[in-house]
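Here's a quick tour of the model you have open. Keep the sequence handy as you go through the points below.

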Amino acid sequence: MSWKDGSRRPESAPVDKAQPLEAIPGIGGRPRGEWVLDQNGLLVGATHVLSPNFDDRPPGEAVTLVVIHSISLPPGEFGGDAIEKFFTNALDWGAHPYFEGLRGLRVSAHFLVRRDGAVVQFVPCEKRAWHAGQSSHGGRTRCNDYSVGIELEGAEEIEYTDSQYEALVSLIREIRRRYPIAEVVGHSDVSPGRKTDPGRSFDWIRLRSAL
Ligand SMILES: [Zn+2]
């Protein structure tokens, strides 16, 4: 998702942050620190905040695309639990003027990568998360049907953190082990003219060279 409103509010109270997965020796022979998806497409060791905003993928649909997004609530403000609340339909619309514009939206993503690299999962990869909306890739519409959506906690004009790139690379590698991913794109690529995230501050060369 993408919001350009620059409104701010005082710093939120700190919340417990999920930690990146540490080694789980013996699972699939992965190197230490690498993520592992279980048979449902749940990331072992991540924080799971399951969203009701998902449904089944079309029968027989292969997962072939990763869509990268950015989000911060309110825009440009990091930390706090507003994203988790938004994706679980629990956001207090009255808590910030910006939130009023999100009232009634029912959306989600499979993953959120926090500024410190911690990963939160909202929807198992086997299910369809509601992240891309009206979208098209390679002539195929409805990208949610065949993609995994990853939100980076961020804003389009602010550099993403080293920890986020590291976590993102590790996460995409594991997704590619599990699914026949053909391409990794931005929301702006599949919804041009409508969405601009993850924005020009996202370093595609860095990501692609690391994958
Ligand atoms: Zn987006």
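Where is the place of proline 74? Look in the loop between S3 and H1. Keep in mind that this is a predicted model, with a mean pLDDT of 88 over the chain. The chain holds 5 helices and 10 strands, and 37% of its 211 residues are buried.

- A pLDDT of 70 or more is reached by 84% of the residues.
- Residues 1-30 are another story: pLDDT stays under 50 there. The model still has 56 contacts beyond four places in sequence for that stretch.
- Taking the chain's contacts with a separation of 6 or more, 73% are between residues 24 or more positions apart.

**The sheet**

- Six strands make an open sheet, and the pairing is mixed. Reading across, the order goes S1-S5-S4-S9-S3-S10.
- The edges belong to S1 (47-48) and S10, and each of these has a single partner strand, so one side of each has no neighbour in the sheet.
- S4 and S5 run antiparallel and are joined by 3 bridges.
- If you want a spot to look at, valine 113 stands opposite valine 119 in S5.

**Helix H3 and what it sits against**

- H3 covers residues 162-178, which makes 17 residues. From first C-alpha to last it reaches 25 Å, close to the 24 Å expected at 1.5 Å a residue.
- Its buried residues are Gln164, Ala167, Leu168, Ser170, Leu171, Ile172, Glu174 and Ile175.
- As background for that list, an α-helix has 3.6 residues a turn, so residues three or four places apart point the same way.
- What do the buried residues of H3 pack against? Their partners include sheet strands S3 (65-71), S4 (111-113), S5 (119-121), S9 (147-153) and S10 (183-186). Helix H5 (204-210) is also on the list.

**The nonpolar core**

- The largest nonpolar core has 43 residues. Val66, Phe111, Val113, Val119, Ile150 and Leu171 are the ones that touch the most other members.
- Which elements give two or more residues to this core? They are S3, helix H1 (82-87), S4, S5, S9 and H3.

- Most residues other than glycine have a negative phi, and most peptide bonds are trans. The cases below go the other way on one count or the other.
- Leucine 73 and proline 74 are joined by a cis peptide bond, with omega about -10°.
- Aspartate 197 and proline 198 are joined by a cis bond too, with omega about 5°. Proline 198 is in the loop between helix H4 (187-190) and H5.
- Asparagine 89 has a positive phi, near 60°, without being a glycine. You'll find asparagine 89 in the loop between H1 and helix H2 (97-100).
- Is asparagine 89 buried or partly exposed? It is partly exposed, because 14 other C-beta atoms lie within 10 Å, and buried would take 20 or more.
- Arginine 142 is not a glycine either, yet its phi is positive at about 55°. The loop between strand S8 (140-141) and S9 is its place, and arginine 142 is partly exposed, with 16 other C-beta atoms within 10 Å.

Definitions and conventions. Residues numbered from 1 in each chain as written. Predicted model: local features only at pLDDT ≥ 70, side-chain atom pairs only at ≥ 80, totals over all residues. Helix = DSSP H or I, 4+ residues; strand = E, 2+ residues; numbered from the N terminus. Expected span 1.5 Å × (residues − 1). Buried ≥ 20, exposed ≤ 12 C-beta atoms within 10 Å, placed from the backbone. Contact = placed C-beta atoms within 7 Å. Pairing = 2+ DSSP bridges. Core = buried A, V, L, I, M, F, W, Y, C linked by C-beta atoms within 7 Å. pLDDT = per-residue confidence, 0-100.
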